[in-house]
Amino acid sequence: MTDFHTSIDIAAAPEAVFEYLVTNDGMTAWMGQHASLDPQPGGRFEVDVAGYPVRGRYLEVDPPKRVVVSWGFAGSDDLPPGASQVTFELTPTGEGTRVELTHSGLPDARLPGHRTGWAHFLPRLREAGSGHPLGADDWRPTA
């Protein structure tokens with residue numbers, strides 16, 4: 001198992017960025033075509049991303065500072081629903097918010113794909129969180 005860590009800066013207050021992690025419309029603005037979220041500890045975290053059903057639970061919800069979700073894929077043997085964990089830490093900066101993301105508990109073979117996925121989706125979070133509407137997302141993971 002391995003961990004992945006990265007961060008981005010967003011020109012918006014933590015309260016605004018937080019909404020993109022806990023609301024259906026917010027989540028699908030930057031990642032996924034469908035979301036069904038219940039942002040409370042134990043609540044469902046379901047996002048369909050590029051044809052992949054991400055399934056898990058909210059583990060921590062601390063507005064507007066921190067969101068932790070379990071993460072996996074329905075039907076997966078090596079990364080089933082809830083098998084890994086994604087932590088979003090939101091810290092105010094002079095210009096907005098720094099989002100630090102840690103994806104922990106990934107099987108080693110899944111790290112490259114998730115690294116590529118987060119490299120695609122976090123800039124979309126930056127744009128959406130900064131108030132720039134995004135068009136449809138046609139990203140697909142590479143084999």
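# A walk from the pocket to the salt bridges

Welcome! The residues lining the largest pocket divide into 13 nonpolar, five polar and one charged. Here Ala, Val, Leu, Ile, Met, Phe, Trp, Tyr, Cys and Pro count as nonpolar, Asp, Glu, Lys and Arg as charged, and the others, Gly among them, as polar.

Before you go on, a note on the model: it is predicted, local features need pLDDT of at least 70, side-chain atom pairs count only at pLDDT 80 or more, and totals for chains, interfaces and linings use all residues. Residues are numbered from 1 along each chain as its sequence is written, and side-chain values use heavy atoms, with hydrogens and water left out.

**Stop 1: the pocket.** The largest pocket has a volume of about 390 Å³. Select F73, G113, H114, W139 and P141: of the 19 lining residues, these are the closest to the pocket's centre. Next, colour strand 4 (52-62) and helix 3 (111-129), the elements that give two or more residues to this lining. Helix 3 provides the largest share, seven residues. A pocket is an open set of points on a 1 Å grid over the protein atoms alone where a 1.4 Å probe fits, with protein on both sides within 12 Å along at least five of seven lines; lining residues have an atom within 4 Å of a point. The volume is the space filled by probe spheres set on the points. Helices (H or I, at least four residues) and strands (E, at least two) are DSSP runs, numbered from the N terminus.

**Stop 2: D9 and R98.** Now show these two side chains, which meet in a salt bridge (2.8 Å, N to O). D9 lies in strand 1 (residues 2-10) and R98 in strand 7 (residues 97-106), so the pair ties together parts 89 residues apart in sequence. The model has six salt bridges, each a side-chain nitrogen of Lys or Arg within 4 Å of a carboxyl oxygen of Asp or Glu.

**Stop 3: D78 and R110.** Select this pair to find another salt bridge (2.8 Å, N to O). D78 sits in the loop between strand 5 (66-71) and strand 6 (84-92), and R110 in the loop between strand 7 and helix 3, 32 residues apart. D78 is partly exposed at 39% relative accessible area, and R110 is partly exposed at 22%. Partly exposed lies between buried (under 20%) and exposed (over 50%), using a 1.4 Å probe and protein chains only.

**Stop 4: a network.** Finally, select E60, R66 and E89, which are linked in a network of salt bridges. Between E60 and R66, the closest N and O atoms are 2.7 Å apart.
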